[in-house]
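Have the viewer open as you read.

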Amino acid sequence: MDIQDASRVVYICGKCGKDVQLEAKDIVRCQCGYRILYKKRKADPKNPPQYEAI
Amino acid sequence: MEAVNQHRLPAGHNAQVAVMSYSCYDIEDALIMNKSSLDRGFGRTAVYKKSVTECEINQRNKESRFNERIDEPPTKTHNTKKKFIKKYHALDSDGITKVGAQLHHGDIYVNKKTPQVPDNPQIENIQIADTPSVFKEKWPYTVDRVLIINNTNDGTEKIKTVKTIFRQIRRPEFGDKFSSRHGQKGVVGLIVNQEDMPFNERGWCPDLIMNPHGYPSRMTIAKLMELLCGKLGALEGKFKYGTAFGGENVLQVGEELLKRGFHYQGKDCLISGITGEYMECYVYQGPIFYQRLKHMVIDKIHARAKGPMEKLTRQPVEGRAKDGGQRIGEMERDCFLAYGASNLLIERLLISSDPFNVYVCEICGMFKSDSVCRGCNTDKVYQIRLPYCCKLLFQELLAMNIKPKLQLVPSHERQEYTMN
């Protein structure tokens, strides 16, 4: 699962912590069988994260 | 404290408090805050909001092609409008918002689509309606986490639930609520620049000024003790017990303070930040643990000019969530009456609320649809303005077989009429 296709969105399994790649038609499920996935934060070169001055 | 590790992982700050009066913006439990303290991070909190978007199976037709689904955002073509595409800026190719994206009012964070079940299920081309989750908050939030859950038991259905958690960092502002642990809650009444705050010869300056009128009637002895013990604890670098039920001995604490060159009652001589002169009194000052409460102005602020109206009465709707108006209630009306502000009363209750023009026959006193009364066979039908709600009441009375007859008086005689 380490080879990441840039077009597909990467998720993180809530149980085993491995990266999961899914397509729109895929079932929301990790290889370990867990069904809660977190979306992985991805670097966005257009909008780099920055601290707010508030 | 120890049982829940509150002394190690606190939910507030040890504010340096001066118990004194300042600028009259501290009456009725209001607090004065030091602007520089706020800059340094005093009372800064993260606010989290959660939203759940569920894709459901269509109840009318359980074929999987009628299930709700999450689609990828529309791609930019030469004829799509910039405004249209801008709503989708936060979305990834899976149709769900990016983690870390900033969402503004009107942005779409889950691009959900609902296929419409046609009357004839054999039809191949089904219409798909946009039912996206639109961000409704007026101030921007950052996407903190996105969870995708498959919540069907057998795992064969492709039904998703998306939970999105938003985060916003907030700095204290006017009207935000704070409290010590003694039930002494108060709102921020004024934020003062540090140079205008009082200070002492050691360079000490309060984060917060509290009015002493909070003490006598509430009798929160523990707060006084917390301040005093906290002051000594800060000097010694030790934890102290500020409770009034078997905590530190106040007399001993006072003596310890005296040994360290402080007033034994915890009072200090302060210099006014405004005049630069010594204050004529000693000010009780020291640290008190303050927590920020969740009632924040930004969640409650509301104003409207024109806006949505109630369907039945054509009066403005109620409540902030519905962009409602401010009600002129019975007591407010009483104020206008007592003041004799009749024109203001007419404006508030009629013009700004639910004005409506009706035709009224002078003879039978009933509402007419045009300027002729066929029942009385007359054209003495005049247009008058009255609240829509009033018209509604009259019609409801008529439906109950009660006739509210409108008696018309020419406007130039109106003064005389009311005098009698």
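This is a predicted model: local features need pLDDT of at least 70, side-chain atom pairs count only at pLDDT 80 or more; totals for chains, interfaces and linings use all residues.

Two strands count as paired here if DSSP finds at least two bridges between them.

| Strand | Partner | Sense | Bridges |
|---|---|---|---|
| β3(A) | β10(B) | antiparallel | 3 bridges |

What about the two faces of β2(B)? In a regular strand, side chains alternate between the two faces of the sheet. For β2(B), both faces are covered: Leu31(B) and Met33(B) are buried on one side, and Ile32(B) and Asn34(B) are buried on the other.

Next, the helices. Two packed helices are described by the angle between their axes and the distance between the axes. The axes of α4(B) (residues 221–236) and α5(B) (residues 250–259) come within 10 Å and cross at roughly 40°, which makes α4(B) oblique to α5(B). The crossing is left-handed. On the α4(B) side, the contact is made by Met225(B), Leu228(B), Cys229(B), Lys231(B) and Leu232(B), while α5(B) brings Val250(B), Val253(B), Glu256(B) and Leu257(B). Sorted by class, that comes to 7 nonpolar and 2 charged residues, with no polar ones.

Now over to chain A. Its elements run β-β-β from the N terminus, with 3 strands and 0 helices. Of its 54 residues, 15% count as buried. Among its contacts between residues at least 6 apart in sequence, 21% join residues at least 24 apart.

How many residues does each chain put into the contact between A and B? Chain A gives 18 residues and chain B gives 18 residues. On the chain B side, β10(B) (141–150) and β11(B) (160–170) each supply at least two residues, and β10(B) gives the most, with 6 residues. That side of chain B divides into 7 nonpolar, 4 polar and 7 charged residues. β10(B) also pairs with β3(A) (residues 36–39), and within that pairing Tyr38(A) has Leu147(B) as its bridge partner.

Conventions:
Residues are numbered from 1 along each chain as its sequence is written. Chains are lettered from A and ligands numbered from 1 in the order in which they are written. Helices (H or I, at least four residues) and strands (E, at least two) are DSSP runs, numbered from the N terminus. A residue is buried if 20 or more other C-beta atoms lie within 10 Å of its own, exposed if 12 or fewer, and partly exposed in between; C-beta atoms are placed from the backbone. Two residues are in contact if their C-beta atoms, placed from the backbone, lie within 7 Å. Ala, Val, Leu, Ile, Met, Phe, Trp, Tyr, Cys and Pro count as nonpolar, Asp, Glu, Lys and Arg as charged, and the others, Gly among them, as polar. Axes are lines fitted to C-alpha atoms, for helices over the stretch in contact, and angles run from 0 to 180 degrees between N-to-C directions. Angles under 35 degrees count as roughly parallel, over 145 as roughly antiparallel, 65 to 115 as roughly perpendicular and the rest as oblique. A crossing is left-handed if the near helix is turned anticlockwise from the far one by less than a right angle, and right-handed if clockwise.
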